[in-house]
Amino acid sequence: MTIAVVDYGMGNLRSVAKALEHVAEGQPVQVTSSADDIRNAARVVFPGQGAARDCMHELIQRDLQDVVLQAAREKPFLGICMGMQVLLDYSEENAGINCLGLYGGDVRFFGNDLRAANGTRLKVPHMGWNQVQQTVDHPLWQGIEDNSRFYFVHSYYMNPEDHSLVTGTTTHGINFVSAIGRNNVFAVQFHPEKSARDGLQLLKNFSRWNGK
Amino acid sequence: MSLAKRIIPCLDVKDGRVVKGVKFVDIRDAGDPVEVARRYDREGADEITFLDITASSDNRDTIVHVVEKVAEQVFIPLTVGGGIRKIEDVRLLLNAGADKVAINTAAVFNPDFVKQASDRVGSQCIVVAIDAKKVSAEGESDRWEIFTHGGRKTTGLDAVEWAGKMAAFGAGEILLTSMDRDGTKSGFDLALTRAISDAVPVPVIASGGVGNLQHLVDGIIEGHAEAVLAASIFHFAEYTVQQAKEHMARCGIEVRL
């Protein structure tokens, strides 16, 4: 019943692993870049932090694209931040990067002149605690109140072609997709491992989720 | 529904222990970083910043261990600053559990480092710390310059221009400290905070001078900061983070309660 945290050299894997260990009773958490470990795990967490180009480069370098995609097709799979964005076809970051293409759509820059409804200029990166509106009931939202705040830090947002993927939205100048889910896949733009109680609840829900 | 303004307690860490310098001279010992971080987390802190004031000398690894220990128990964002000069320093701290690193002096001496670091790990992990001091005389229009070495050495760089340059080079956030106010408890330099907040597209954290809860409110409303950082008012339990947030909420500021 291992939870594999995919290590491709990008970001705060230790925090993700520690947060999972904190909530996933009896399930070993393994930070790994081994394709076999990912194949053998009961659950896979695909985190990510950093630039899209480097994320894709490191995944390719470690030959992990296929095994990650395979996991996303067959077992409980949680994408976090960049690990959510690269599930789409393409990101605008770093002058344009092709991504994993599990879902149609692209990842776009918030822009340098982002404004709130009242005209106030908004800062980019979108950094801090913002509310997530739960657009569907989902096992991963269990025990988390609608419009709870989670910690975000990103300058790009995902724009999936298929809106039935959307499980949560957030407003920062625009209303953007902050969580998606389909079958055994759930993915979030925010960092549950850094989102205090509600973030830990989401990870706990994932650790008990059968992917349905 | 919008992004909450953040309250960030700051811990100055020396040799693995929390200290707080007043004007960078007097230092009082106030405990174990893990315990203090846990307390702030329980009180509702939005993030915690560690400034490693031993970093320029030997003990480089101490702060890495502190971050590792804190990140095992505290599940909110952690920023680490002090002595970060190489991309390896950045990677080491991020891997230990830090979410952001604050680059200060190294940015002044090698601005391209900010570009390299943000290109490698993403702007969102790179905070540029700016220590600014007013250099304009009474009656002149306001002007602040960047200082290094704990406020002792001027660089001749205009603070507002420098902040803009750092944002353009990939800083995801600016941690702005007024060296005139740091340790004085007389409030942020609001003119400085506003000048820089209005000039850059990225979030600005106001720092230096907080002595009461109204100062935090002023930093947001008058200084236009996205976040406020304070040490001693929380550190010596004059106020809890929760009290600070309640006060900000009463003043109409959106906070995470």
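Colleague: How much space lies in the second largest pocket?

Modeller: Keep in mind that this is a predicted model. The lining of that pocket takes in 24 residues. The space inside the second largest pocket comes to about 650 Å³.

Colleague: Which residues lie nearest the centre of the second largest pocket?

Modeller: Strand S11 (166-172) of chain A supplies at least two residues of the lining, and so do helix H7 (190-199) and helix H8 (213-221) of chain B. By class, the lining has nine nonpolar, nine polar and six charged residues. Nearest the centre lie A:Thr120, A:Arg121, A:Leu122, B:Lys5 and B:Glu226.

Colleague: What area do chain B and chain A bury between them?

Modeller: Chain B puts 39 residues into the contact and chain A puts in 38 residues. Of the buried area, 50% is on carbon and sulfur atoms. The area itself is about 3300 Å².

Colleague: How many salt bridges are counted between chain B and chain A?

Modeller: Side chains of opposite charge can pair when their charged atoms come close. Take B:Asp99 and A:Lys194, whose side chains meet at 2.9 Å, N to O, inside the 4 Å cut-off for a salt bridge. Over all chains the rule gives 25 salt bridges. Between chain B and chain A the count is four.

Colleague: Which helix supplies the largest share of the side of chain B that touches chain A?

Modeller: Across that interface there are 21 residue pairs in polar contact. On the chain B side, helix H2 (60-73), helix H3 (87-96), helix H5 (111-121) and H7 each supply at least two residues. The largest share is four residues, and they come from H3(B).

Colleague: Within chain A, what is the partner of A:Asp36 in a salt bridge?

Modeller: Look in helix H2 (residues 35-40) of chain A, where both residues lie three residues apart, about one turn of the helix. The closest N and O atoms of the pair are 2.8 Å apart. The partner is A:Arg39.

Colleague: Where is the cis peptide bond at A:Pro125, and what is its omega?

Modeller: A:Pro125 sits in the loop between strand S7 (105-109) and strand S8 (126-134) of chain A. The cis bond joins A:Val124 to A:Pro125, with omega at about 5°.

Terms used:
Residues numbered from 1 in each chain as written. Chains lettered and ligands numbered in written order. Predicted model: local features only at pLDDT ≥ 70, side-chain atom pairs only at ≥ 80, totals over all residues. Heavy atoms only, no water. 1 Å grid on protein atoms, 1.4 Å probe; cavity = no way out; pocket = protein on both sides within 12 Å on 5 of 7 lines; lining within 4 Å. Points joined across faces, edges and corners; volume = space filled by probe spheres on them. Nonpolar A, V, L, I, M, F, W, Y, C, P; charged D, E, K, R; others polar. Contact = heavy atoms within 4.5 Å. Buried area = accessible area lost by both parts, 1.4 Å probe. Polar contact = N/O pair within 3.5 Å; in protein donor to acceptor, adjacent residues only side chain to side chain.
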